[in-house]
Amino acid sequence: ISISIIQVRLVMKAHSFVRENIPKVLSSVKEKAGPVPIPRITQYLYFLFAPTLIYRDNYPRNPTIRWGYVATKFAQVLGSLFYAYYIFVRLCIPQFRNSSQETFNLRGLVLCIFNSILPGVLILFLVFFAFLHCWLNAFAEMLRFADRMFYK
């Protein structure tokens, strides 16, 4: 599943890259106004690693990298992984171990599902926090990507 997600992200980035650059190239060729504005490979590589799906030739950049911030974000990712492990060990594994030893009935199935809702929601929140907030912010800081106030 994670490979599929990465492939979808790369396809979306390639689409954005093509969509932003094809009109520039076509208008330059049609007007015959000097050299064709083809983006540099370094711009495309930066775009591949930047936490954005919208291609631009230049992004706002921070002057320095705050390594303490990067370490904090990676520590939060690690903490989220340990917390997810704790949730699985304490809430999920005992529930499914007990249900596998009982005979199948509708009451047991419903109880197992309802007892799995809270751990499932906690894991979902941890995944969103660890990846979307911590992981992407750490890479944005290492790339000096300054445009992280998208929703403001």
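Predicted model: local features only at pLDDT ≥ 70, side-chain atom pairs only at ≥ 80, totals over all residues.
View 1. A search through the whole structure turns up zero disulfides, a disulfide being a pair of cysteine sulfur atoms within 2.5 Å. Residues are numbered from 1 along each chain as its sequence is written, and side-chain values use heavy atoms, with hydrogens and water left out.

View 2. Six residues from domain 1 are in contact with six from domain 2, where contact means heavy atoms within 4.5 Å.

**View 3. The largest nonpolar core.** Which residues make up the largest nonpolar core? There are nine of them: F17, Y46, F47, A50, Y55, Y59, A140, L143 and F145. Domain 1 (1-59) and domain 2 (61-151) both contribute residues to this core, so it lies between them. For the record, a nonpolar core is a set of buried Ala, Val, Leu, Ile, Met, Phe, Trp, Tyr and Cys residues joined through side-chain atoms within 4.5 Å. Zoom in on Y55 and you'll find it touching S16, F17, E20, N21, P39, Q43 and F47, leaving aside residues up to four places away in sequence.

**View 4. Helix α2 and its cover.** The buried residues of α2 are Q43, Y46, F47 and L48. What covers them includes α1. Helices here are DSSP runs (H or I, at least four residues), as strands are (E, at least two), numbered from the N terminus.

View 5. The structure holds three salt bridges, each a side-chain nitrogen of Lys or Arg within 4 Å of a carboxyl oxygen of Asp or Glu. In one of them, the side chains of R56 and E20 meet at 3.3 Å, N to O. This pair links distant parts of the chain, with R56 in the loop between α2 (41-49) and α3 (67-101) and E20 in helix α1 (residues 2-31), 36 residues apart. R56 is partly exposed, with a relative accessible area of 39%, and E20 is partly exposed at 29%. Another bridge joins the side chains of D57 and K24 at 2.7 Å, N to O. D57 is in the loop between α2 and α3 while K24 is in helix α1, so this pair ties together parts 33 residues apart in sequence. D57 comes out partly exposed at 31%, and K24 is partly exposed at 30%.

**View 6. The R66–E141 salt bridge.** Here the side chains of R66 and E141 meet in a salt bridge, 3.0 Å from N to O. R66 belongs to the loop between α2 and α3 and E141 to helix α4 (residues 106-142), so the pair ties together parts that are 75 residues apart in sequence.

**View 7. R144, after α4.** R144 has a positive phi of about 55° although it is not a glycine. You'll find R144 in the segment after α4, partly exposed with a relative accessible area of 26%.

**View 8. The annotated transmembrane spans.** An unreviewed UniProt entry places the feature "transmembrane region" at residues 67-88 and 108-136. UniProt positions follow the numbering used here, feature names are shortened, and annotations may be inferred rather than shown by experiment. Residues 67-88 are 100% helix and 0% strand, with their end C-alpha atoms 32 Å apart. For residues 108-136, the end C-alpha atoms are 40 Å apart, and the span is 100% helix and 0% strand.

How values were computed: Buried < 20%, exposed > 50% of the residue type's maximum accessible area, 1.4 Å probe, protein only. Domains from an automatic or database assignment.
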